[in-house]
Amino acid sequence: MLSSEDNDTIAILGGGLTGLTLADLLNSKDALILEKEDECGGLCRSVLKNGYTFDPGGSHIIFSKDIGALEFMKNALGDNVCLRRRNTKILYNGKLVKYPFENGLSDLPKLENFECLLGFLKAYIEHNYGAQLTPDSFKAWMYCTFGPGITEKYLLPYNTKIWKLDPGQMDLSWVDDRAPHPSLQDIIKASLGLGSEGYVHQLQFYYPREGGIQALVRSLEKKARRQTKIVNGFKITSIKKTNAGWLVSDGSDNIRCREIISTIPLFDLIYALEGVPGYVKDTVDCLRYNSLITVMMGIDSPDLNDLSWLYIPDGACLSHRVSFPSNYSDKVAPSGKSSALAEITCREGDHISYLTDEEIIQNITGYLQKNKIISKGDIEYTELKRTKYAYVVNDLNYKKNVNILRDYLKMTGIHIVGRFSEWEYYNMDTCIRSAMDFVSKWDV
Ligand SMILES: Cc1cc2nc3c(=O)[nH]c(=O)nc-3n(C[C@H](O)[C@H](O)[C@H](O)COP(=O)(O)OP(=O)(O)OC[C@H]3O[C@@H](n4cnc5c(N)ncnc54)[C@H](O)[C@@H]3O)c2cc1C
């Protein structure tokens with residue numbers, strides 16, 4: 001039986017990127033990470049299969065506008081890093097169009113290019129010199145920012161596919177940081193084929209040379225272990241308030257601690273916590289998220305393509321994005337071979353969640369072969385992985401629900417940091433920033 005009677009213990013729930021960053025920054029012998037899996041890393045784990053390294057939690061690249069968070073990640077990797085320039089396309093009606101779509105207008109047939117440009121110009125004029133309507137949903141924002149051409153040809157089908165929700169039912173709180181805001185000049189240049197780039201803070205990106213994205217968290221874990229105890233295989237199922245602090249349990253072992261910093265999904269936290277009022281449980285049940293299925297593909301071909309990743313808005317393919325990790329680093333596939341990773345979102349109980357592994361793999365490989373992305377016979381390895389919590393979905397009740405849960409947790413004194421604990425659409429950099437801000441403000 002594992003037990004801790006040390007009431008100075010600061011329990012960090014979850015050993016993903018956020019938990020490990022917290023441990024690194026706290027640099028305290030009192031910190032203790034409790035992680036349910038045998039390995040730390042959460043969404044940032046990697047696997048080695050038949051000589052291929054895959055990131056089954058989805059394709060992860062390192063980029064950021066936040067210099068401090070970017071430096072933190074680069075420092076953790078040291079020399080084990082590659083710098084790449086993004087070469088990303090959208091597979092649109094069988095043609096490759098430069099990403100972001102609005103920067104690739106000249107790759108479209110002339111009439112479609114014209115429709116997109118005209119729609120953009122009208123929306124631009126309306127937005128800047130007209131009624132200046134404030135969009136009330138993600139879908140309204142698309143029309144207002146990009147006009148009907150770009151919205152209906154790409155943004156709407158793609159976003160409906162990844163979010164598994166009508167963008168008219170999604171709020172806007174996440175859009176500012178995540179969606180591109182192109183300038184008029186760039187769109188006109190793109191339409192004329194003069195070349196322009198969008199989403200420029202991601203144009204250059206880093207990736208570990210060896211070990212996949214988990215190399216980043218492995219390095220943090222190694223540093224954290226010098227001070228912090230990490231308990232793997234500890235799935236938190238109960239959290240009780242005591243006179244001196246908290247009692248955290250996995251059903252057989254008990255840990256006493258003074259403070260709790262949770263990085264685990266709000267669902268797990270609320271359901272483990274004793275004495276939670278009904279309205280809080282009802283609220284957590286209303287939170288919407290998407291799960292992820294990844295199909296890892298080992299390809300017996302030396303230079304499959306030069307793409308970073310490919311967006312697929314077409315509903316005939318289950319995957320919305322296929323990445324090519326062997327173009328991030330030549331150490332993640334055996335010499336003379338290439339790799340691809342398809343991402344598919346689903347919701348518990350929807351038709352995709354009921355498909356067998358074989359049906360999903362067939363759909364993806366068949367579609368990629370039909371569209372000449374991968375040649376028939378070259379795929380020598382496939383495996384599928386499922387991840388329950390992948391995307392926070394910002395539906396129209398998102399803000400209201402999250403505020404209720406945050407207010408309640410604040411009353412309990414439990415701190416929440418990270419993607420599924422704060423229930424925010426955070427990338428790795430924002431998780432790190434959130435951990436940095438938390439530690440700098442925390443008065444222990
Ligand atoms: C498809 C996809 C692609 C992405 N691509 C990028 C990218 O290119 N660049 C980027 O910067 N970010 C990317 N991200 C985001 C990035 O993965 C996350 O921001 C980050 O990994 C979140 O870390 P976290 O520690 O907050 O959460 P998690 O990684 O979810 O970690 C939570 C940890 O808690 C543990 N846990 C859960 N429940 C319990 C329990 N009951 N008891 C004990 N432990 C528990 C889990 O096992 C896990 O280890 C991507 C995400 C997805 C889904």
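This is a predicted model: local features need pLDDT of at least 70, side-chain atom pairs count only at pLDDT 80 or more; totals for chains, interfaces and linings use all residues.

Residues are numbered from 1 along each chain as its sequence is written.

Five residues of domain 1 are in contact with eight residues of domain 2, where contact means C-beta atoms, placed from the backbone, within 7 Å. The side of domain 1 that touches domain 2 has three nonpolar, no polar and two charged residues. For these classes, Ala, Val, Leu, Ile, Met, Phe, Trp, Tyr, Cys and Pro count as nonpolar, Asp, Glu, Lys and Arg as charged, and the others, Gly among them, as polar.

**The core**

Which residues have the most contacts inside the largest nonpolar core? I noted Ala-11, Ile-12, Leu-34, Val-248 and Ile-364, in a core of 120 residues. Such a core is a set of buried Ala, Val, Leu, Ile, Met, Phe, Trp, Tyr and Cys residues joined through C-beta atoms within 7 Å. Buried means 20 or more other C-beta atoms within 10 Å of a residue's own, exposed means 12 or fewer, and partly exposed is in between, with C-beta atoms placed from the backbone. Helix 4 (residues 138–163) gives this core its largest share, 11 residues. Helices (H or I, at least four residues) and strands (E, at least two) are DSSP runs, numbered from the N terminus. Domain 1 and domain 2 each put at least three residues into this core. In soluble globular proteins, nonpolar side chains tend to be buried together.

I then picked Ala-11. Leaving aside neighbours within four places in sequence, Ala-11 is in contact with Leu-32, Leu-34, Val-248, Ile-255, Cys-257 and Ile-260.

**Around the ligand**

I counted 37 residues around the ligand, and Gly-14, Gly-16, Gly-42, Gly-58 and Gly-418 come nearest. To be near, a residue needs its C-beta atom, placed from the backbone, within 6 Å. The shell has 16 nonpolar, 13 polar and eight charged residues. Helix 1 (17–26), strand 19 (379–393) and helix 12 (428–441) each supply at least two of the shell residues.

Which residues of helix 2 are buried? In this helix (residues 67–77), they are Ala-69, Phe-72, Met-73 and Ala-76. They sit on the same side of helix 2 because they cover an arc of only 90 degrees around the axis, the arc being that of the directions from the helix axis to the C-beta atoms. An α-helix has 3.6 residues a turn, so residues three or four places apart point the same way. These buried residues pack against helix 7 (214–224) and helix 12. On the other side of helix 2, I found Ile-67, Glu-71 and Asn-75 exposed. Just after helix 2, Gly-78 takes a positive phi of about 60 degrees.

Most residues other than glycine have a negative phi, and most peptide bonds are trans. I looked for exceptions.

- Asn-50 has a positive phi near 50 degrees. It lies in the loop between strand 4 (47–49) and strand 5 (52–54), and Asn-50 counts as exposed because it has 12 other C-beta atoms within 10 Å.
- Trp-423 has a positive phi of about 55 degrees. It is in the loop between strand 20 (415–416) and helix 12; with 23 other C-beta atoms within 10 Å, Trp-423 is buried.
- Tyr-99 and Pro-100 are joined by a cis peptide bond, with omega about -10 degrees. Pro-100 lies in the loop between strand 8 (95–98) and helix 3 (110–129).

Leaving aside neighbours within four places in sequence, Tyr-311 is in contact with Ile-90, Tyr-99, Tyr-158, His-320 and Arg-321.

Note on methods:
Domain bounds come from an automatic or database domain assignment. Two residues are in contact if their C-beta atoms, placed from the backbone, lie within 7 Å.
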